[in-house]
Amino acid sequence: MHNITVGMEFDILKENNNIANENYEMLKEHNIVSVDFMGSIGAGKTALIIKLAEKLREKGLRVHAIAGDVTGRDDMNRMVDSGLTTTNCNTGKECHLDANMIHRCLHEIDLSSIDVLFIENVGNLVCPADFPLGTDMRIVVISTTEGDDMVRKHHDIFLHSDAAVLNKIDIADAVEVDPSVITGDYEKLTGGRKEMVLCSTKKEIGLDEIISIMGL
């Protein structure tokens, strides 16, 4: 029984990776820079994507977003209200997006009309780690409101991403969190090979650094 379970899991992950590779090639064919934003509910992923998109549009870049949620259109509506063209992607009962869901979305988007694609994954710090979507980068967003132990509790998602964002640093004192504890844990975990950007979308702190990491 255990062997069957492991086999099924391996097949699912292998198939996801195959489709992720197809997504990557499709995006590269259109010279699209793509980023998968992962993080908990309330970490500020939607607000961050909106602010980044605003800055990139000022540079003349065409930005599109895929809003991933279990149900509903709330995040999509916020993005659209900000002027960002957006595709909604509901997973039903799944706690993460997978490459096949994104593959279907890409076929609904006029890829020739965009330069940058942001994907907002489902609010979760566990499940998305094992399911790459075919993007250039994966960035984890956490916030000071979640406490100073987030890196220690969720190794996998930080190890399966290219960079991290510590959001809401403007209220760190109010929630009695020391950002240096979090950045220190991240440096230990990653061996200093990855960057964690201190960010506040409200104060527009760290946005340029994130854009720089994306090569834009």
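A pocket, on a 1 Å grid over the protein atoms alone, is an open set of points where a 1.4 Å probe fits, with protein on both sides within 12 Å along at least five of seven lines; its lining residues have an atom within 4 Å of a point.

**Before you start**

This is a predicted model: local features need pLDDT of at least 70, side-chain atom pairs count only at pLDDT 80 or more, and totals for chains, interfaces and linings use all residues. Residues are numbered from 1 along each chain as its sequence is written, and side-chain values use heavy atoms, with hydrogens and water left out.

**Stop 1: the largest pocket**

Select Ile41, Gly42, Lys45, Asp69 and Asp75. Of the 17 lining residues of the largest pocket, these lie nearest its centre. The elements giving two or more residues to this lining are α2 (45-58), β2 (63-69), α3 (74-81) and β4 (116-123). Helices (H or I, at least four residues) and strands (E, at least two) are DSSP runs, numbered from the N terminus. β4 gives the most, with four residues.

**Stop 2: Ala43**

Now pick Ala43, in the loop between β1 (33-39) and α2. Is Ala43 buried or exposed? Ala43 is buried, because its relative accessible area is 0%; buried means under 20% (1.4 Å probe, protein chains only). Thr144 is 101 residues from Ala43 along the chain, yet their C-alpha atoms are separated by 8.4 Å. Not counting residues up to four places away in sequence, Ala43 touches Val141, Ile142, Ser143, Glu146, Asn167 and Lys168. Contact means heavy atoms within 4.5 Å.

**Stop 3: strand β6**

Select residues 163-167, strand β6; five of its five residues are buried.

Find Val140 opposite Ala164, then Leu166 opposite Leu198 in β7.

Show helix α7 (residues 179-190) too. β6, α7 and β7 make a right-handed β-α-β unit. With the strands pointing away from you, the path from the first strand over the helix to the second runs clockwise.

**Stop 4: Ser200**

Finish at Ser200, in the loop between β7 (195-198) and α8 (207-213). Ser200 counts as buried because its relative accessibility is 1%. Among its contacts are Asn167 and Lys168, along with Ile169, Asp170 and Ile205, not counting residues up to four places away in sequence.

Technical notes. Buried < 20%, exposed > 50% of the residue type's maximum accessible area, 1.4 Å probe, protein only. Pairing = 2+ DSSP bridges.
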